[in-house]
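Hello,

Here is the structure we talked about. Please open it first, then read my notes below.

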Amino acid sequence: MRLKYWLMLAFLIVMLLPVAAGWALFSLYNYYENQRAVGEYVELTERLAPIEKVLNDPTLYSLQSPGRNQTLSALASEQLSFNLYLPSGIRVYTSGGNAWSTSGYTVRSSELYRNLYNLQMRHRTFSLKKPVWNQGELAGIYEITMLRQAWLEGLSIRTIWVISGAVVFFVILYGTVLWLLSRKLFFPMKMLMNRMDAFARGERPDEIRGGVRSDEMGMLLQQFDAMQQTIRESQMEVEKQQKEKEMIVASLSHDLKTPLMSISAYAEALSMDTGSKRLERQEYKEVIARNVERMKRMIGELETYTALGSGDSELAMVEVEGEEFFEMLLGSYRELAERENYNMRMSVRTSHDYRVHPESLMRLTDNLVHNALRYTPPQGSIGLAVIDSEAELPGWVDPSLGAELDAYRTGAALIVVHNEGPPIPAEQLERIFEPYVQYHKEQMGGYAGGSGLGLSIARRIALKHGGDIRMWSSEQYGTAAACRLPERRNPDETLDII
């Protein structure tokens with residue numbers, strides 16, 4: 001239940017429950033009072049019968065009645081008292097007074113004749129008022145008042161029980177409300193505070209969580225956990241980028257030292273060796289120029305890699321017809337394969353349109369192809385293909401990768417670059433896309449060469465196009481790199497509208 005509805009219901013119950021308990025207590029009290037009153041009425045009737053017999057004497061109801069005091073004084077007690085009135089309302093006798101208080105006191109007729117014959121039960125007393133007749137004429141009225149002695153004797157005990165019951169009820173009600181508030185509000189708030197405190201101290205969150213709550217506090221805890229996870233992932237990403245920058249700076253500094261030292265040495269030789277032959281001096285200049293060009297290429301790749309990694313950078317995409325564009329793109333590598341004496345196998349199988357940045361996509365393909373050339377042994381074969389989501393895979397692709405590649409190219413085309421040569425270990429297939437990470441080829445006597453940013457740049461270009469790059473390698477079929485490019489829907493196709 002949502003917390004606000006639970007609180008509204010709890011407040012309603014807390015307000016209504018004491019009222020209901022008070023009403024139940026009052027009803028129980030009235031029931032007990034009525035039950036006890038019946039028994040007291042029977043007992044009182046028996047006790048009043050002889051007294052009423054005496055008070056029914058008409059001679060007692062006169063202003064001057066001889067012997068009235070002696071007759072009536074014996075009937076009165078601490079628990080019982082009575083008053084005698086004339087029909088006019090004059091009180092002629094009271095059991096609790098004297099002659100002065102008796103005479104001269106008059107009761108109004110409306111008060112005197114009210115509740116005749118009715119036994120009046122009050123909290124502390126019973127009272128009975130009846131007329132006295134003399135030969136058909138009203139002689140007077142007597143009023144008997146008797147203390148409820150048994151009731152009064154148990155009053156203190158009943159009061160203690162009522163107060164104790166009320167206290168127990170409110171203690172239980174208060175304790176229940178506190179327990180529910182603690183369970184629904186205080187405990188989740190404490191849990192949230194503990195998580196916030198642990199997060200502030202940099203501690204890792206607990207992996208084991210309690211049951212997921214469906215109220216506002218549960219949503220707040222889930223949102224805090226999600227925010228905490230997002231912040232930690234952002235921190236990890238920042239740390240990763242920082243380490244990557246440090247590694248790039250260190251690697252770039254190391255890679256620049258070799259051409260710089262070469263340039264420095266040849267420049268010094270040119271400036272100091274005036275007796276060198278013209279041919280040697282020309283060779284020195286060419287070496288310097290090659291190293292300068294190499295440094296430019298390294299710095300240019302670093303600029304490209306940095307620009308592609310910026311969140312503010314956007315590529316100006318254009319829509320192209322897939323078959324025409326990719327045939328033109330892949331066709332440019334035929335001459336390269338012939339010049340390098342490699343067997344190039346090409347295939348373009350797509351009928352979709354694509355949104356691409358042509359220059360960046362050419363850079364991606366160049367990096368993949370040149371990477372394949374560095375790994376392929378002399379006279380080896382290189383496969384280059386573009387296959388959309390419906391076309392069959394070329395025969396030179398590892399058959400064991402068929403199902404995986406089909407799942408990978410769902411809704412997208414694949415640019416596949418395949419080369420023969422020694423396989424890349426599985427643990428390095430993902431790492432080689434990191435900057436300045438190159439696979440060490442023992443069979444070829446060292447690293448494959450290059451700046452170390454080619455595959456990293458290729459992956460960032462693929463991501464900018466909404467795709468990705470993966471690599472597979474096996475002993476029998478060599479290494480295959482596949483880049484996903486999302487397909488655009490053909491305008492002639494219709495959409496189902498639901």
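**What I found**

His-352 counts as buried, because its relative accessibility is 11%. Buried means under 20% relative accessible area, with exposed over 50% and partly exposed in between (1.4 Å probe, protein chains only). Before going on, note that this is a predicted model: local features need pLDDT of at least 70, side-chain atom pairs count only at pLDDT 80 or more, and totals for chains, interfaces and linings use all residues. Residues are numbered from 1 along each chain as its sequence is written, and side-chain values use heavy atoms, leaving out hydrogens and water.

Back to His-352. Its place is in the loop between β7 and β8 (353-356). Strands (E, at least two residues) and helices (H or I, at least four) are DSSP runs, numbered from the N terminus. Not counting residues up to four places away in sequence, His-352 touches several residues, including Glu-321, Asp-388 and Arg-488. Contact means heavy atoms within 4.5 Å.

Now the sheet. It is open and has five strands, in the order β7-β9-β10-β14-β13, with mixed pairing. Two strands pair if DSSP finds at least two bridges between them. β7 (343-349) and β13 (468-474) are at the edges with a single partner strand each, so one side of each has no neighbour in the sheet. β13 pairs with β14 (residues 478-486) in the antiparallel sense, over seven bridges. Helix α13 (residues 454-464) packs on the sheet and touches β13 and β14. Its direction makes about 135° with that of β13. Axes are lines fitted to C-alpha atoms, for helices over the stretch in contact, and angles run from 0 to 180 degrees between N-to-C directions.

Which residue is the bridge partner of Asp-468 in β14? It is Arg-484. Arg-484 is buried yet has no salt bridge. A salt bridge needs a side-chain nitrogen of Lys or Arg within 4 Å of a carboxyl oxygen of Asp or Glu. The nearest side chain of opposite charge to Arg-484 is Asp-468, 6.6 Å away. For charge, Lys and Arg count as positive and Asp and Glu as negative; His and the chain ends are not counted. The side chain of Arg-484 does reach the backbone oxygen of Tyr-408, at 2.5 Å.

Last, Ser-474, in strand β13. Ser-474 and Pro-423 are 51 residues apart in sequence, but 5.3 Å apart in space, C-alpha to C-alpha. Leaving aside neighbours within four places in sequence, Ser-474 is in contact with Asp-398 and Pro-423.

Best wishes

Note on methods: A polar contact is a pair of N or O atoms within 3.5 Å; within protein, one must be able to donate a hydrogen and the other to accept it, and residues adjacent in sequence count only if both atoms are side-chain atoms.
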